[in-house]
Amino acid sequence: MRNETRGTVELTLAMVLSGTLGVFVVESGASPFEVVFFRCLFGALALGAYSLLRGFFTGHGFTGRKLGLAALGGVFIVFNWVFLFEAYEAASISLATVVYHTQPFFLVLLGAVFMRERISAGKLGWLALAFVGLVLVSGVRPGDTGSLKGLGFALAAAVLYALATFVTKRITGVRPHLIALVQVLVGLPLLLPFVDFGATASLGSGWLWLLGLGLIHTGLMYVLMYSAYAKLPTAKIAVLAFTYPAVAMGVDWAVYGHHIGLVQALGVPLIVLASLKVTLAARTPVAAPAPRTAGHEPEAASPVATRAA
């Protein structure tokens with residue numbers, strides 16, 4: 001199998017797995033804070049074991065500054081998950097996932113505010129188009145507090161995701177697996193005060209769903225993504241990333257019978273097209289070289305460098 005073909009298979013599989021994440025969250029029966037806590041716990045065990053077996057801790061490349069940036073990114077990514085999972089409960093997996101994909105636009109705005117990056121007329125046009133799509137997709141009617149609440153949670157998650165990306169992009173020469181490990185480890189003390197261990201003791205089969213979130217959606221999924229990034233051009237990665245919302249919407253309909261209405265459906269391609277155009281225009285490096293071989297390679301991709309949840 002050719003290298004690029006293998007990368008395509010790996011990233012497609014990773015995005016398909018990401019699209020099933022909502023079902024694991026809902027079926028666990030735990031609160032969003034508890035779901036994220038145990039995702040961090042089991043994910044840390046999976047990523048830590050993988051990194052240890054691959055020898056990634058040797059010559060890890062961390063400095064005090066890089067470790068601090070990874071930890072700060074972890075704060076953003078952990079609460080991004082909390083808000084996204086709250087959105088699943090308040091609205092639906094489909095609505096939350098589509099709105100969540102406004103992340104690239106917030107990243108553009110962050111670059112303009114903090115890095116004084118100029119927003120071209122073209123990007124402003126795509127931002128306007130995405131906003132129109134967002135209004136259509138939301139489908140919020142007066143008095144529909146559930147959808148409105150879900151929309152707010154999903155937008156908050158998107159902003160936090162953009163902040164995590166903005167911070168983590170500043171880390172170079174460190175394997176993305178190790179950055180992800182730091183980020184999920186940060187989530188443990190952050191979320192511990194919010195976990196009701198008495199309630200989680202009665203989850204029953206819900207523990208299997210939580211275990212799956214850590215091992216499959218945090219361990220296996222990230223390993224597949226990082227392996228694929230090193231094999232694929234940016235354009236293909238940007239296109240394949242939209243497998244995630246497509247699968248999420250399909251799974252939401254198949255499992256829970258949720259589907260978006262006709263007017264909402266008109267907004268989906270607007271957000272997808274605008275997001276794709278902005279992502280491709282950014283031309284962010286995505287290769288994930290080892291620190292010891294990264295002399296002339298692009299910076300390592302972070303766990304928040306793609307739209308996988």
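Covering here rests on contact, meaning heavy atoms within 4.5 Å. Helices, by the way, are DSSP runs of H or I with at least four residues, strands are runs of E with at least two, and both are numbered from the N terminus.

Before going on, a word on the model. It is a predicted one, so local features need pLDDT of at least 70 and side-chain atom pairs count only at pLDDT 80 or more, while totals for chains, interfaces and linings use all residues. Residues are numbered from 1 along each chain as its sequence is written, and side-chain values use heavy atoms, with hydrogens and water left out.

Back to α2, residues 21–28. Of its 8 residues, 6 are buried, so the helix is largely enclosed by the rest of the structure. Buried means under 20% relative accessible area, exposed means over 50%, and partly exposed is in between, using a 1.4 Å probe and protein chains only. Which residues of α2 are buried? They are L21, G22, V23, F24, V25 and S28. Just after the helix, G29 has a positive phi of about 75°.

Now zoom out. The protein chain has 14 helices and 0 strands. It has 309 residues, and 51% of them are buried. Looking at contacts with a separation of 6 or more, 89% are between residues 24 or more positions apart. The chain exposes about 13200 Å², with carbon and sulfur atoms supplying 69% of that; the area comes from the Shrake-Rupley method with a 1.4 Å probe.

Next, helix pairs. Two packed helices are described by the angle between their axes and the distance between the axes. The axes are lines fitted to C-alpha atoms, for helices over the stretch in contact, and angles run from 0 to 180 degrees between N-to-C directions.

Take α3 (residues 32–53) and α4 (residues 64–90): their axes come within 9 Å and cross at roughly 135°. That makes α3 oblique to α4. For the wording, under 35 degrees is roughly parallel, over 145 roughly antiparallel, 65 to 115 roughly perpendicular, and the rest oblique. On the α3 side, the contact is made by P32, F33, V35, V36, R39 and C40, and on the α4 side by V78, F79, W81, V82, F85, E86 and E89. By class, that gives 10 nonpolar, no polar and 3 charged residues. Here Ala, Val, Leu, Ile, Met, Phe, Trp, Tyr, Cys and Pro count as nonpolar, Asp, Glu, Lys and Arg as charged, and the others, Gly among them, as polar.

The other pair is α9 (residues 176–191) with α11 (residues 206–229), packed at about 150° with axes 10 Å apart. That makes α9 roughly antiparallel to α11. P176, H177, A180 and V184 of α9 meet T218, V223 and Y226 of α11. This contact of α9 with α11 has 5 nonpolar, 2 polar and no charged residues.

Last, two alanines. A230 sits in the loop between α11 and α12 (234–240). Is A230 buried or exposed? Exposed, with a relative accessible area of 51%. Its C-alpha atom is 7.8 Å from that of G7, although A230 and G7 are 223 residues apart along the chain. A128, in helix α7 (residues 121–138), counts as partly exposed at 42% relative accessibility.
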